[in-house]
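Work through these exercises with the model open beside you. Try each task before you read its solution.

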Amino acid sequence: MDNFAIIKNFMINHKVNYLLVNSTNEFLVEYNTLEENSRYKLTNFSGSTGEALVSPETIYLFVDGRYHIQADQEVDHNKITVVKLQTGQKFIDELLKRIPEQETLGVFSKKISLKKAEEILSKRQVKFLDEDPLDNNKKISTPDNILIDKKYSGFTANEKISKISQNLTDDEAIYITDLDEVSYIFNMRNYSQKYSAKINAKAIILKDNSILFTPNKMHSLEEFLKSTQKTILIDKSSINVFDYNLLSGKAEELIENPIKLMKARKNNAELEHLKEAFNKTDIAVSAIRNFIYNNENISEYDIATRLEEEFKKQGAVGLSFKSIVAKDKNSALAHYSKSSKEEIITDGSLILIDCGAYFEGGLATDITRVFVKGDPTKLQKKIYTLVLKAFLNAFNFAKVNSERPIIGYDIDKSIRDFFDTTDTEGFIFNHGLGHGIGINVHEYPPNLSSGEIAQTPILDGMCFSIEPGLYKEGAFGVRLENSCYFKDNDIHSFVNMNYEKKLIDFDMLTEQEKQWLQEFEVK
C-alpha cells in the first residue's frame, strides 16, 4: 500500500476529512531526516520546511519563497496542489482558508507545538492523534554524546544550570524540549545525524537538580510528567501537544524563556570559537574558488564533494547543512540541493555556493558566495552588484541608525524597500534577510525578516546571517551571505571571504558603498 492510501485509510478510521501532515518529528526539529519526514513520504517534496494538508479534493503543500520552484519540480501535480506562500503570508492563515469552519482537522499531537496548535484551535475544531501511520518506528542506535570543553562554551553545564535554577522555587521545574537548548545547557553535541550537532534529549531543571532524558529514557520522562506534583514551566513554541497533555493542568507558560536568551547571546569564548570556525570556513571556500577557476569539465557534484573534503581538511566534524552548489538556472532555486553530476561548469557559468560546517566547539558556520567561470555578462554583473549594495547597506545599518535600537525587522525592511525601488530586471527577493546562528544553523532569536519574530531587538552577542538575494526562474540567482555578530552597538562580520571584482560594476556603487566595501577583500 502506498503512503497516500495509508493516510487515506487512517483518516477514514479516525473519522477526519482533513489531516495536517508535518515535516518534523516529535522533537519539532527544523532539519528532519527524510526517513522521519512524513510530509516528504506523502508528497515527495524534499525541502527542509513546509507542511501538507490532506483534504477530500487534494493534498495542499505549503512552501515559502525558498522552495516555490523546487516544490513544482518534485511533486505529482495530479495529486498535490502547491500553495506558494508569499512574503508576509502566514502558514496558519492559509491552512485555515482551506478547511471549512464546520470541519475537524486531524493533527499529530507529537509533531506540532502547543503554540501552533492553539492558533488552529482558536479557529477550528481539532482532533489530536497520538500516532502517525507514516512513522518509521525502528530504533536507531547512535554514538555517545560529546561533551564540549569549557574553552569553547565559556561556562560549564553546572554553571549554566545554576543560573537558571536559582530563580526557581522548590515547587517549580523547567521542562526543556527544544534540542538546541538541551544541547546548549548541558554542553553536549552529537554528530551522528547529518547536518546536525544536537543531541536527542529532553530535560527537567529543578531547584537543586537536573535530569537529562535521552531516547532510551523517554518512558521514564512520560512517567515523571504524569506523576510530578510540581508546577512545570514550559515554552509553548517548543513543547509538543502530546507532552503538554501528559502534564494535565500542571503546566505554566514561561513568558520569557531564559535559556533561549542565554543561548542567543554568545559569550566571549563562543565568539572566539566562531571567529576561528569562520576563518577555517573562509579557507575552505577560497580553496573551492580556486578549484572552480583552475579546472575544466567539473560538475556541481564534483564541487560539492571537493567542498566537503576542504572542510574536513580544516578539521570540520560535519557540515551544518547540505551544501548548495547551484549552476546558472539552478541558482534561481534559493535552496537547490541536487548538486548534479550532469550540470557541468562551462565558460560563462554562474555558480552559487551556500555552505557551512561544525568544528570542535559545535557551533554552525554559514556563508554564501557567487562565482563566474570566465567573463560575466552585463546582467550577471548588475544583479551581483545590486545584491552587494544590499548587503553593504544592511551590514552598516547600525552605523547609520546608531541613535535607536537595532531590530531585524527594520534592517530587512530597508533592503526590501531598496529592491522595490530599484530596477532588478524581473529578479525577486523572496526570503528573509537573515537568521540567527548557533548550535543550529538557523537559531531564534535573532531574526531579520518581515515576520513578527523579527520585531525583537538585536542584542550584544547575538549572531546572525545577512543574506540578500535576487532570483529569476529560468535565468539565475545571486545571494551573498556573511554571518555576523552584534557587539558594542555595531555589526561585525565573522566572514572575510572575498567578493568577486569581475562581478562588481563599481559605477553602480555610491562613494559611501565604495568606502564600506574597503572593509572586505575584493579580488
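Is phenylalanine 391 buried or exposed? At 0% relative accessibility, phenylalanine 391 counts as buried. Buried means under 20% relative accessible area, exposed means over 50%, and partly exposed lies in between (1.4 Å probe, protein chains only).

Before you go on, note the ground rules. This is a predicted model, in which local features need pLDDT of at least 70, side-chain atom pairs count only at pLDDT 80 or more, and totals for chains, interfaces and linings use all residues. Residues are numbered from 1 along each chain as its sequence is written, and side-chain values use heavy atoms, with hydrogens and water left out.

**Exercise 1. Follow the aromatic rings.**

Task: Find which residues form one aromatic cluster with Phe391.

Solution. 
- Step 1: Learn the rule. Rings of Phe, Tyr and Trp (its six-membered ring) pair if their centres lie within 6.5 Å; planes under 30 degrees apart count as stacked, over 60 as edge-to-face and the rest as tilted. This rule gives 17 aromatic pairs.
- Step 2: Take one pair. Phenylalanine 391 and phenylalanine 395 are stacked, with 5.5 Å centre to centre and 20 degrees between the planes.
- Step 3: Locate the two. Both lie in helix H14 (residues 378-395), 4 residues apart, about one turn of the helix. Helices (H or I, at least four residues) and strands (E, at least two) are DSSP runs, numbered from the N terminus. Phenylalanine 395 is buried, at a relative accessible area of 0%.
- Step 4: Take another pair. The ring centres of phenylalanine 391 and tyrosine 499 are 6.1 Å apart and the planes stand at 45 degrees, so this pair is tilted. It links distant parts of the chain: tyrosine 499 sits in the loop between strand S25 (490-493) and helix H17 (511-517), 108 residues apart from phenylalanine 391. Tyrosine 499 is buried too, at 0% relative accessibility.
- Step 5: Name the cluster. Its members are Phe391, Phe395, Tyr499 and Phe520.

**Exercise 2. Look at one helix side.**

Task: Find which residues of helix H5 (residues 114-121) are buried, and what covers them.

Solution. 
- Step 1: List them. They are Leu114, Ala117 and Ile120.
- Step 2: Check the arc, taken from the directions from the helix axis to the C-beta atoms. The three cover only 120 degrees around the axis, which puts them on the same side of H5.
- Step 3: Find the cover. It includes helix H4 (91-97), strand S5 (104-108), strand S6 (125-129), strand S12 (231-234) and helix H10 (241-246). Contact means heavy atoms within 4.5 Å.

**Exercise 3. Order a sheet.**

Task: Give the order of the strands in the open sheet of 6 strands.

Solution. 
- Step 1: Strands of a sheet pair through backbone hydrogen bonds, either parallel or antiparallel. Two strands pair if DSSP finds at least two bridges between them.
- Step 2: Read the order. It is S4-S3-S2-S1-S5-S6, with mixed pairing.
- Step 3: Find the edges. Strand S4 (80-84) and S6 are the edge strands, and each pairs on one side only.
- Step 4: Zoom in. Strand S1 (residues 18-21) and S5 pair in the parallel sense over 3 bridges. Leucine 20 stands opposite valine 107 in S5.
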